[in-house]
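Look over the sequence and the structure first.

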Amino acid sequence: MKQVILIIIGICLLFTSNIKAQYWESPKREYRAVWLTTIENLDWPKTKIKSPSDIDKQKSELIALLDSLKAYNINTVLLQTRVRGDVIYPSAIEPFSAVLTGKAGKDPGYDPLAFAIEECHKRGMQLHTWIVTLPLGKAQHMRSLGSMGLSRREPSLCKLYQGSWYMEPGEPRTAEYLTTLVAEIVKNYNIDGIHLDYIRYPDRPSGYNDHALHRRYGKGETLADWRRENITHIVRSIYGTVKSIKPWVRVSCAPLGKHDDLSRYPSRGWNARRTVFQDAQKWLKEGIMDILFPMMYFSGNNFYPFMLDWQENSAGRHIAPGLGVYRLLAGEGDWGADEITRQFFTSREAGTAGTAIFRVEHLLQNNKGVADFLKIFNSRPALIPAMTWADEKAPIAPGSLIGVRTNGTLHLCWQGVKAGENMPATRYNIYKSDKYPVDTENINNLVAANITDTLFTWTDLPANTHWAVTAVNAFEIESAPTMWHEKFPTSKMYREQFSLAEEQRWGTRVLIKDAAGRLLLSSPYNGNINVQGLPPGSYRLEVMSRKGAILERYFFTR
């Protein structure tokens, strides 16, 4: 503990002289993302399913990871979903990955992606499916897939290069295949984003032989321009399809950390645009990418100028630098703690949309105190940045915010906001303050984010606390607040007779519960609800549809 404290104090002293105090303050909106790696079972899962009991072990491992990440106010999980031509969900297109069971193609007995989405959403986190696009793995891996491997099923889409298999970007059907794979996920799962990785040519493509394809499809373009357009075509196809299915699903990618040479700083022959033909800044300008998580695993002048270059060329979209906390390891660079912490500070000071951490294990191992630092740096939760270019219309504010105290506990409930047709359920943010009106722009007032219920309970609070609730749509656009404090009249909270609108009456049931939620009465709704027979106390009344949905909820006292 003493060592941890010394590390934190040292970090604080390091930055006191050259970083404004405001950058210790968490902004209201910021990606706090992590890459959760499944290849080779690096982050998860550690247990491979050999028996039914291993399913629970695998699930428990993920729950423990997410609970740990939540403690650092992480709000975005990039889960490796397509590994190397294999996947961690039941797909009609590609086989199950061996990372789940130890055997390629074997059904693990549950849906890991669906489970991960559910658990992330319980914690107010977004889940983005991380898709490794073009690499298919080493030759040995492809042999392990047998007839399920893409090189056997679609040989014209694949190329063996320097001992590894890749999908061929110059083959027009590659874009179609990857787009179909992404569409399967978007249609079948309540994901928040599609994250494209390795959407580029092989890292050192000088010997990559695609000249015959260039002659066939190049249309007079130089080889470099043709290759860049091949990658852009794949991105354009995927982006358009995702948005046509679910416009709120974010599309992101992880380009190389340096886009191109800068006027003052060279990329030393290693950049996205010229080396691997990944024209990511063009994608932002064209509007076919929502977020970039550049892999900026560099230090000093190999980091700061290039990070600023990404931000200055964001075209109004989101830039969240990927920071390599693994570089703190002795075998991976042996960086001092000051280097990685300075990168967090300068990224926030530059106005980026947040940061992403590679990878989960290296954060949670707390190498050189990085997790201790992050607990202070991310001392408050943050909301996901809004996609204002996709939808600028805010949802209506929640209605009828009501509060009741019972035995030191405050119960808040409000009228929910209906989501648009075919849209995900509206979520809500809860704020509290000792001042009225509640300032919902002050992140220090946020106590809960992205909750789906219209009921919230809080304990151990002073008697004069003021509250606000806002609605949030799928684009992360927030409504105006609805506020409540204890000096407000509470006439809506108690009536001898409750009545619903005519269209809500028939086929419903009335549930009356005590303040703790224990069911006292359940009966068919007949137009009026008589509560005169209840003894004095505080109660919750819910009207439930045939399908079990709560149509209305009230608190009342007698």
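Patches are made of residues with over 30% relative accessible area and no salt bridge, with like charges joined within 9 Å and nonpolar side chains (Val, Leu, Ile, Met, Phe, Trp, Tyr) within 5 Å. This is a predicted model, in which local features need pLDDT of at least 70, side-chain atom pairs count only at pLDDT 80 or more, and totals for chains, interfaces and linings use all residues. Residues are numbered from 1 along each chain as its sequence is written, and side-chain values use heavy atoms, with hydrogens and water left out.

**Positive patch**

- Lys48, Lys50, Lys103 and Lys106 form a positive surface patch.
- Lys and Arg count as positive and Asp and Glu as negative, while His and the chain ends are not counted.
- Each charge is placed at NZ of Lys, CZ of Arg, CG of Asp or CD of Glu.
- Accessible areas come from the Shrake-Rupley method with a 1.4 Å probe, and for residues only the protein chains shown count as cover.
- Lys106 sits in the loop between helix H3 (98-101) and helix H4 (112-122).
- Helices (H or I, at least four residues) and strands (E, at least two) are DSSP runs, numbered from the N terminus.
- Lys106 counts as partly exposed because its relative accessibility is 38%.
- Buried means under 20% relative accessible area, exposed over 50%, and partly exposed in between (1.4 Å probe, protein chains only).

**Salt bridges**

- The structure holds 29 salt bridges.
- A salt bridge is a side-chain nitrogen of Lys or Arg within 4 Å of a carboxyl oxygen of Asp or Glu.
- Glu478 and Lys28 form one of them, at 2.8 Å from N to O.
- That pair links distant parts of the chain, 450 residues apart. Glu478 is in the loop between strand S18 (466-472) and strand S19 (482-484). Lys28 is in the loop between helix H1 (2-16) and strand S1 (31-36).
- Glu478 is buried at 14% relative accessible area, and Lys28 is buried at 11%.
- Lys28, Arg29, Glu441 and Glu478 are linked in a network of salt bridges.
- Arg274 and Asp260 also meet through their side chains in a salt bridge, 2.8 Å from N to O.
- Arg274 lies in helix H10 (residues 272-275) and Asp260 in the loop between strand S8 (250-253) and H10, so this pair ties together parts 14 residues apart in sequence.
- Asp260 is buried, with a relative accessible area of 10%.
- Glu229 pairs with Arg236 in a salt bridge, with the closest N and O atoms 3.1 Å apart.
- Glu229 is partly exposed at 26% relative accessibility, and Arg236 is partly exposed at 29%.

**A buried lysine without a partner**

- Lys246 lies in the loop between helix H9 (223-245) and S8.
- Lys246 is buried yet has no salt bridge. The nearest side chain of opposite charge, Asp192, is 9.5 Å away.
- Beyond its neighbours within four places in sequence, Lys246 is in contact (heavy atoms within 4.5 Å) with Val186, Lys187, Tyr189 and Asn190.

**Covered positions in helices**

- In helix H12 (residues 304-312), 7 of the 9 residues are buried.
- Among them are Tyr304, Phe306 and Trp310.
- The buried residues of H12 pack against helix H11 (280-286), strand S9 (291-292), strand S10 (318-319) and helix H13 (337-349).
- Leu113 is found in helix H4 and is buried, with a relative accessible area of 0%.
- Leaving aside neighbours within four places in sequence, the contacts of Leu113 include Leu79, Ile88, Leu127 and Tyr189.
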